[in-house]
Amino acid sequence: MRPFGRTAALAAGMALLAAGCNGGPGGGGGKISDGKIELAVLNDQSGVYADVSGKASIEAVKMAVADYKAKYGDKAVAKKIEVTSADHQNKPEVANSKAQELYDRQGADVILDVPTSSAALAVAGVAKSKKKIFMDVGAGTTALEGAQCNKYTFHYGYNTYMLAHGTGDTVTRDGGKNWYIIYPDYAFGQDMTKSFSASIKAAGGTIVKNDPTPFPNDNFSTFLLKAPGLNPKPQVLGAMQAGGDLVNLVKQYNEYGLKKKGIGLAVGLMFLSDIHSLGPDALAGTKFSDAWYWNASPDNRAWADRFKAKTGKRPTFAHAGNYSAATQYLEAVQRAGTDKSDAVVKQLEGYKFGDVFAKNAQIRAQDHLLLHDAYLAQVKPSSEVKEDWDYEKILKTVPAAEAFQRPDAACKL
Amino acid sequence: MLQQAFDGLVSGAFYALLALGLAVIFGMLGVVNFAHGAFYMLGAFGAYVVLDDWGVSFWIALPVVPVALGVVGVVVERVLIRRLAALDPLYNFLLTFGLALILQDLVKREYGVQSQPYPRPSALSGSVDLGLFTYPAYRVFVLGVALVACLAVWYVLSRTRAGMIVRAATERPELTRALGIDVGRWVTPVFGAGVALAGLAGVLAAPMRAVNPLMGSDLIIAVFAVVVIGGLGSIFGSVVSGFAVGVLTALTDFYVPSLSQTLVFILMVVVLLWRPAGLFGREEGIA
């Protein structure tokens, strides 16, 4: 082959690779039929967020179905309940078409999970046009209950305000006044930066600079080298990265010895699996906001034991959140006596409850945001870690009324 | 500024090590090896697995894992690549592409997508004073190993008889064959050596980057662009462009962070418009 032809073939191949061909859709089928509830879990099953939520969330939803059946027995309104799933590969366009397929062809009554903010917003649009229920657990953006809210979409779990309010506020008040924020350059990172900046400023802090970083990215050294030279010198490096990117960043933060140079680390969003990847010592002392922790109470632990028996792992807050969302959906169907979307929405709006995931919880009627207790956590040093996966110390509970923002005027249901 | 540029050399070292293997394999076999990123990932996982399962330290993994992967490369060449050599190069391209996905999924199946912990070797955990600035010792080490590996490859290729044959076969396969040299005999070790270089890059990456099944596929597209910039099949070009792209990316990160991800592709387009065969590629044959 001649060099030019070779180059062309290579370019075609690169385009193919860039387009990404990792894994097809998961899940099985189901036809629309009366008297059947179909719960669909739409999330990342092979990419960067597959361990944070992924296939284990399907198990969590199945646990919710089993518990509902056991609780109501013959009195259950929904006699036949099925769980299906699909992989959105973290791409909004894939999420859009999968959501349409799940609602139309697979007869899904509710779509659950949907991490990755851009994908979640796409699904919210589909839910609105199909008048079908969508309960988002995995995505962080506040746009879901703000400008892009709608009658059929519920934001269930956490959001960037909750993360920023706990971490940004506390770290600033503890003396970390000057922040250098680096964020992955996509919807989630941009939204996080906005929420953190607001929270830091409200607590009397300053944003020295914020820089977008490539996503995904394996080399953060430029930003780490830049940090000590900024004027004024930042006291805190605010990292908005998640998953593998966060792992890369923390490894390199330690390598450059920034802590010794007086620049502390604050992490926007961290999952249990991230701490496991880095080992607790790489993060010891780091404070962050958490929506739920498996070993925070005997109840949580009992549920986490059941989850571990099924999946072999300890649950992240996303797993527990999916269990809770599926449970509350089924409870709402039970109260409504039907699975018609409008009737179920009415049952969910304003509903107050408490379950293994959501404590002191209420689904706010104005914008469909789930309010519940959040937590400020700290990573334990390995000397305090007594068993596998027990990496967090809960420093304080942020009550439900404080943990989340006021309703956004832009949201009109 | 100087420190940023120096830091670019370290990421350039990874590009160069990977591009070097790709260029040699491509030049001699005509195979666009899309599995190269997966071999890099296996290098890092190899280091993790031997540490986690057998307690084998970084210092032993550093030579052993690349050699083991080189053997895997030899098997892959013998069992798979060779069979398709006579067909259109597209077949081998699809084969390696599929192989990359399979390797990635097998690792994913066993370990999930979350990153695996891998500590920095304690002997290299501090910083060293380089005169103008202090710098993490491990990164200096990575740069040193990469330079030594590149020099060693250069020495073998330019100063030994075997290297001469490989070079001849890389640049002019038909002519070399016409001179009565059995090019096919050299193909297997060259493929193995290329894979071993990717494995070496992987082991070096484990203490400083996230060890997960996707680490290779995230990197390989940029590395292909590096190879194209250097000139397909040009050994010297791939090393030079590897380091150059590393430095330019670091400087872009510093001044215009939002541009850094696309920089390598912009460079590729510019270079191809200017010199369609890449910076150090052969111009002939372009009609």
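A: D113(A) is found in strand β3 (residues 110-113) of chain A. Helices (H or I, at least four residues) and strands (E, at least two) are DSSP runs, numbered from the N terminus. This is a predicted model: local features need pLDDT of at least 70, side-chain atom pairs count only at pLDDT 80 or more, and totals for chains, interfaces and linings use all residues. Residues are numbered from 1 along each chain as its sequence is written, chains are lettered from A and ligands numbered from 1 in the order in which they are written, and side-chain values use heavy atoms, with hydrogens and water left out.

Q: What's the phi of D113(A)?
A: Positive, about 80°, although D113(A) is not a glycine.

Q: Is D113(A) buried or exposed?
A: D113(A) counts as buried because its relative accessibility is 0%. Buried means under 20% relative accessible area, exposed over 50%, and partly exposed in between (1.4 Å probe, protein chains only).

Q: And what about the phi of H368(A)?
A: H368(A) has a positive phi too, about 65°, and is not a glycine. H368(A) sits in the loop between β12 and β13 (370-371) of chain A. At 1% relative accessibility, H368(A) counts as buried.

Q: What's the omega from N231(A) to P232(A)?
A: Near -5°, so that bond is cis. P232(A) is in the loop between α7 and β8 of chain A.

Q: New topic. How do β8 and β9 of chain A run?
A: Parallel. Four bridges join β8 (residues 236-239) to β9 (residues 264-267), both in chain A. Two strands pair if DSSP finds at least two bridges between them.

Q: Which residue stands opposite V236(A)?
A: G264(A), in β9(A).

Q: What unit do β8(A) and β9(A) make with helix α8 of chain A?
A: A right-handed β-α-β unit, with α8 covering residues 243-255. Right-handed means that, with the strands pointing away from the viewer, the path from the first strand over the helix to the second runs clockwise.

Q: How is chain A divided?
A: Into domain 1 (6-158 + 295-367) and domain 2 (161-290 + 375-398). The bounds come from an automatic or database domain assignment. The C-alpha centres of the two domains lie 28 Å apart. Their contact takes 19 residues from domain 1 and 19 residues from domain 2. Contact means heavy atoms within 4.5 Å.

Q: What does UniProt list for residues 37-380 of chain A?
A: The unreviewed entry lists "domain: Leucine-binding protein" there. UniProt positions are given in the numbering used here, feature names are shortened, and annotations may be inferred rather than shown by experiment. That span is 43% helix and 19% strand, and its end C-alpha atoms lie 42 Å apart.

Q: Over to the core. Which residues touch the most other members of the largest nonpolar core?
A: L39(A), I111(A), F134(A), M135(A), Y329(A), F39(B) and L204(B), out of 225 residues. Helix α1 (residues 2-29) of chain B gives the most to this core, with 15 residues. The core also draws at least three residues from each of domain 1 and domain 2 of chain A. A nonpolar core is a set of buried Ala, Val, Leu, Ile, Met, Phe, Trp, Tyr and Cys residues joined through side-chain atoms within 4.5 Å.

Q: What does F39(B) touch?
A: Not counting residues up to four places away in sequence, its contacts include L69(B), V72(B), L99(B) and V195(B).

Q: Where is R139(B)?
A: In helix α5 (residues 137-159) of chain B. R139(B) is buried, with a relative accessible area of 1%. Beyond four places in sequence, R139(B) touches residues of both chains, among them E255(A), Y256(A), D7(B) and M208(B).

Q: Last one. Is G354(A) buried or exposed?
A: Exposed, because its relative accessibility is 57%. G354(A) is in the loop between β11 (352-353) and β12 (361-363) of chain A.
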